[in-house]
Amino acid sequence: MTNSPTAVVEAAFQYYRSQDRDAAFPLYAGDFTFTSPQDDHIDKAAFFERCFPTADRFREQQLLHVTPADEELVLVQYEYELTTGDRYRNIEAITVRDGLIREVQVFFGGKV
């Protein structure tokens, strides 16, 4: 795997969906922070405890756009279907520096 920011981000999504924590964990920097409407600047340990194990609530997730905004920032738009049948779209702004994910900011979208 190349450690270009987009490749790192795509790998992180793949490992999340397959729940491969051992492969995902090294992609995140020690000082990683995660922010969403439900979590405010949580650290790497909290992210892997609370957020990473949630893939089982998805029936499907499709990356629609994985777009570099600059040398470090990758914007990701994805659509997902929950096991309830509800479909949503979110956008994430992900900072990757030196091959490691430093920060994720999640912006929740509405139902599709």
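**Terms and values in the model**

Modeller: The chain has 3 helices and 6 strands, where helices (H or I, at least four residues) and strands (E, at least two) are DSSP runs numbered from the N terminus. Read from the N terminus, the elements follow the order α-α-β-β-α-β-β-β-β. This is a predicted model, in which local features need pLDDT of at least 70 and side-chain atom pairs count only at pLDDT 80 or more, while totals for chains, interfaces and linings use all residues. Residues are numbered from 1 along each chain as its sequence is written, and side-chain values use heavy atoms, with hydrogens and water left out.

Colleague: What share of the 112 residues counts as buried, and why is Ser36 called buried?

Modeller: Buried means under 20% relative accessible area, exposed means over 50%, and partly exposed lies in between, with a 1.4 Å probe and protein chains only. By that definition 40% of the 112 residues count as buried. Ser36 lies in strand β1 and has a relative accessible area of 10%, which is under 20%, so Ser36 is buried. Not counting residues up to four places away in sequence, Ser36 touches Val106 and Phe108, where contact means heavy atoms within 4.5 Å.

Colleague: Why is Glu60 called partly exposed, and which residues does Glu60 touch?

Modeller: Glu60 is found in strand β3, and its relative accessible area of 34% falls between the two cut-offs, so Glu60 is partly exposed. Apart from residues up to four places away in sequence, Glu60 touches Arg17, Glu79, Tyr80, Glu81 and Arg87. Glu60 and Gly30 are 30 residues apart in sequence, and their C-alpha atoms are 29 Å apart in space.

Colleague: Why do Gln19 and Thr54 count as partly exposed?

Modeller: Gln19 lies in the loop between α1 (5-17) and α2 (21-24), and at 33% relative accessibility it falls between the cut-offs and therefore counts as partly exposed. Thr54 lies in the loop between α3 and β3, and its 23% relative accessibility also falls between them, so Thr54 counts as partly exposed. Leaving aside neighbours within four places in sequence, Thr54 is in contact with Tyr16 and Gln19. The C-alpha atoms of Thr54 and Gln19 are separated by 8.8 Å, although these residues are 35 positions apart along the chain. Gln19 also has a phi near 55°, a positive value in a residue other than glycine. His41, found in strand β2 (residues 39-43), likewise has a positive phi of about 55° without being a glycine.

Colleague: How many aromatic pairs does the structure hold, and what makes the pair of Phe34 and Phe47 tilted?

Modeller: The structure holds 14 aromatic pairs. Rings of Phe, Tyr and Trp (its six-membered ring) pair if their centres lie within 6.5 Å, and planes under 30 degrees apart count as stacked, over 60 as edge-to-face and the rest as tilted. Phe34 and Phe47 lie 5.0 Å centre to centre, with 40° between the planes, so they form a pair and it is tilted. This pair links distant parts of the chain, with Phe34 in strand β1 (residues 28-36) and Phe47 in helix α3 (residues 44-51), 13 residues apart. Both Phe34 and Phe47 are buried.
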